[in-house]
Amino acid sequence: MSKMIKVGMADGNICHSPDAITTLGLGSCVGVVLYDKNTKIAGLVHIMLPDSTKVRQNQNKAKFADTGIDMLVDRMARAGANTSMLTAKIAGGAQMFAFKTNNEMLRVGERNVEAVKQKLKELGIRILAEDTGLNYGRTVEFYPETGDFVIKAVGRSVRTI
């Protein structure tokens, strides 16, 4: 019997097929799935902020794009994943307020997506699919057996990317 592993806000975890992994309530946060399809090991990190160097209370590595993705790669490698084979799928990064602004502090979702993409590029991890931006929250589930990233949002059709 497979189980669904839950990842909280500013948290990360890994799973092996046939288990799956999920995180709830991605608003401006970004859910980053890393996946080694050969070993069927997946990891998910729930990123809240783009850059740990801009915050004093930055001990929680999973909270930030620049440290959370590194943490996840390391954890997956220790579990047997081949880090040179990792691919990514990402979701979230919404603009949860109904106004347009150039104020950097209010563009958290957009900044999170940019930081995640930059970090993945630095690590040479290709993004296979994404569902980011817009103005609604998401819950995601990833199934290492199939590579399906299921995205659920209130009032919207379920998407699989």
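Which residues does histidine 46 touch, not counting residues up to four places away in sequence? The views below, taken from a predicted model, begin with that residue.

View 1. Leaving aside residues up to four places away in sequence, histidine 46 touches Val7, Gly8, Met9, Ala10, Asp11, Thr23, Leu24, Gly25, Leu26, Cys29, Val30 and Ala62. Its relative accessibility is 0%, so histidine 46 counts as buried. A polar contact of 2.7 Å joins the side chain of histidine 46 to the side chain of threonine 23, a residue that is also in the list of those touched by histidine 46.

**View 2. Helix H2, residues 108–123.** The helix has 16 residues, and at 1.5 Å a residue H2 should span 22 Å. The C-alpha atoms at the ends of H2 are 22 Å apart, which agrees with that expectation. Buried positions in H2 are Val108, Gly109, Arg111, Asn112, Val113, Ala115, Val116, Lys119 and Leu120. These buried residues pack against helix H1 (65–78) and against strands S4 (30–36), S5, S6 (87–92) and S7 (126–132). Just after H2 comes glycine 124, with a positive phi of about 70°.

**View 3. Salt bridge between aspartate 70 and lysine 119.** The closest N and O atoms of this pair are 2.9 Å apart. With a relative accessible area of 34%, aspartate 70 is partly exposed, whereas lysine 119 counts as buried at 12% relative accessibility.

**View 4. Salt bridge between lysine 119 and glutamate 122.** Here the closest N and O atoms are 3.8 Å apart. Both residues are in helix H2, and because they are three residues apart, about one helical turn separates lysine 119 from glutamate 122. Glutamate 122 has 53% relative accessibility and therefore counts as exposed. Through shared partners, salt bridges join Asp70, Lys119 and Glu122 into one network.

**View 5. Salt bridge between aspartate 131 and arginine 138.** In this pair the closest N and O atoms are 3.2 Å apart. Aspartate 131 and arginine 138 are both buried. The count of salt bridges in the model comes to ten, including the one between aspartate 131 and arginine 138.

Technical notes: Residues numbered from 1 in each chain as written. Predicted model: local features only at pLDDT ≥ 70, side-chain atom pairs only at ≥ 80, totals over all residues. Heavy atoms only, no water. Buried < 20%, exposed > 50% of the residue type's maximum accessible area, 1.4 Å probe, protein only. Polar contact = N/O pair within 3.5 Å; in protein donor to acceptor, adjacent residues only side chain to side chain. Contact = heavy atoms within 4.5 Å. Helix = DSSP H or I, 4+ residues; strand = E, 2+ residues; numbered from the N terminus. Expected span 1.5 Å × (residues − 1). Salt bridge = Lys/Arg side-chain N within 4 Å of Asp/Glu carboxyl O.
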